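Welcome! Here is a short tour for anyone meeting this structure for the first time.

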Amino acid sequence: MATAGKGVLLKADSIAETFRKEIKSALSSAPRTPKLVGILATSSAPSKFYSEFTKKQCDALGVEFVLKKTGSAADESLAPGEGVEEAIIEANEDDSVDGIMVYYPIFGMQQDHYLQQIVSPFKDVEGLNFKFHYNLYHNIRFLEPKTLASSLPTPSASDVPPAVNDEPPAGYVKSILPCTPLAIVKCLEYIGVYSMLLPYGDRAYGKTITVINRSEVVGRPLAALLANDGARVFSVDIDSIQEYTKRPRQTPEERKYHPRHVVHPSTLSLQDCLAVSDVVVSAVPSPDYKVKTAWLKDGCVCVNVAADKNFEADVREKASLYLPTIGKVTIMMLLRNLLRLQEYRKMISNAPSS
């Protein structure tokens, strides 16, 4: 707990526990123990740690986890990433495998993006396939399981019944979301940043949030998720700041909400953004990067996503709540995606042939 004048230091354990119970219940009714294959293709210490952490969490819940090592992870004489594509294809074709996760980075952004598209959407527990990203960015929350077999994205949101609550309509299931951005949203729901009194799909309305990092794995999808839920989001990257919002810029007479977020360039500085932000999320992969405490809005919520601490040691002098890590919640989202994908494959196999 916080001392007088200091914000609360919140550990992720209590948040993860709520989902751990949900996963245990789902596992008890699963047709068989789900199998997750992790593919480690480099000798990177963070990737190795994450693979060990994944195994520990899977073992604790009774999920079968198999770690496949390739490249320099298997043999130091091999190049990083050597054999990784073949390992992904092998796992795609193995009917006993329900989910695949690959420990990035391996080659760099462009080639890693290519690898992400090789993972079958039926087994993509990380939610990085373009079909899931398309749905996320277009605020399409549900899909028909059979469409995962198509190489085409959902044509438009108008082809999917509108999301009036968290439950998919008949014949539809939830689209898979990337684990880390989803974990951050769940943390913000848990601590009350999202208001359950507001309509579904707009529960972050009234909140201003700064997300520092615009990678395709964390920052950009997170900014889109938050904006699609009603928040005003500043997306900060090395060379620019953008504003994500689904609120219109028209006059009140023309006021009409966008069905999904739109992106505008921002002329604000990082200091300006932080001064008005109710929530600050930082995911910069550098031990040298620090968000200045002096720039934070009094009483804000700060969430550190990076392996290194992106906030200064005195962050709780300004923040009302500080969450230093979300790793345990991220793993719960991954396992929840695993169970959902196992169920989606079952639904397709049980569906009558046309």
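Predicted model: local features only at pLDDT ≥ 70, side-chain atom pairs only at ≥ 80, totals over all residues.

## Helix H2 and its buried face

In helix H2, the residues Ser 47, Ser 51, Phe 53, Thr 54, Gln 57, Cys 58 and Leu 61 are buried. Viewed down the axis of H2, these buried residues fall within an arc of 165 degrees, so they line one face of the helix.

What covers the buried residues of H2? The cover includes H1, S2, strand S3 (64-69), S4 and helix H10 (327-350). On the face turned away from the buried side, H2 carries the exposed residues Ala 45, Phe 49, Lys 56 and Ala 60. The length of H2 can be checked too: at 1.5 Å a residue, its 17 residues (45-61) should span 24 Å, and the end C-alpha atoms are 25 Å apart, which agrees.

Now turn to helix H5 (residues 109-118), where Asp 112, Leu 115, Gln 116 and Ile 118 are buried. They cover an arc of only 155 degrees around the axis, which puts them on the same side of H5. These buried residues pack against H4. The face of H5 turned away from its buried side carries Met 109 and Gln 110, both exposed.

## Salt bridges across the chain

Side chains of opposite charge can pair when their charged atoms come close. Searching the whole structure finds 14 salt bridges. One of them joins Asp 98 to Arg 32, with the closest N and O atoms 2.8 Å apart. This pair links distant parts of the chain, 66 residues apart: Asp 98 is in the loop between helix H4 (84-93) and strand S4 (99-102), while Arg 32 is in the loop between helix H1 (13-28) and strand S2 (35-40). Asp 98 is buried, at 1% relative accessible area, whereas Arg 32 is partly exposed, at 35%. Arg 32, Asp 98 and Arg 345 are linked in a network of salt bridges.

A salt bridge also forms between Asp 202 and Lys 246, where the closest N and O atoms are 3.7 Å apart. Asp 202 sits in the loop between helix H7 (179-190) and strand S7 (208-212), and Lys 246 in the loop between strand S9 (241-245) and strand S10 (262-265), 44 residues apart. Asp 202 counts as buried at 15% relative accessibility, and Lys 246 is buried with a relative accessible area of 10%. Asp 278 and Lys 297 form a salt bridge too, with their closest N and O atoms 2.8 Å apart.

## Two domains

Finally, the chain is divided into domain 1 (32-125) and domain 2 (179-247 + 258-327). How far apart do the C-alpha centres of domain 1 and domain 2 lie? They lie 29 Å apart.

Key. Residues numbered from 1 in each chain as written. Heavy atoms only, no water. Salt bridge = Lys/Arg side-chain N within 4 Å of Asp/Glu carboxyl O. Helix = DSSP H or I, 4+ residues; strand = E, 2+ residues; numbered from the N terminus. Buried < 20%, exposed > 50% of the residue type's maximum accessible area, 1.4 Å probe, protein only. Domains from an automatic or database assignment. Arc of directions from axis to C-beta. Contact = heavy atoms within 4.5 Å. Expected span 1.5 Å × (residues − 1).
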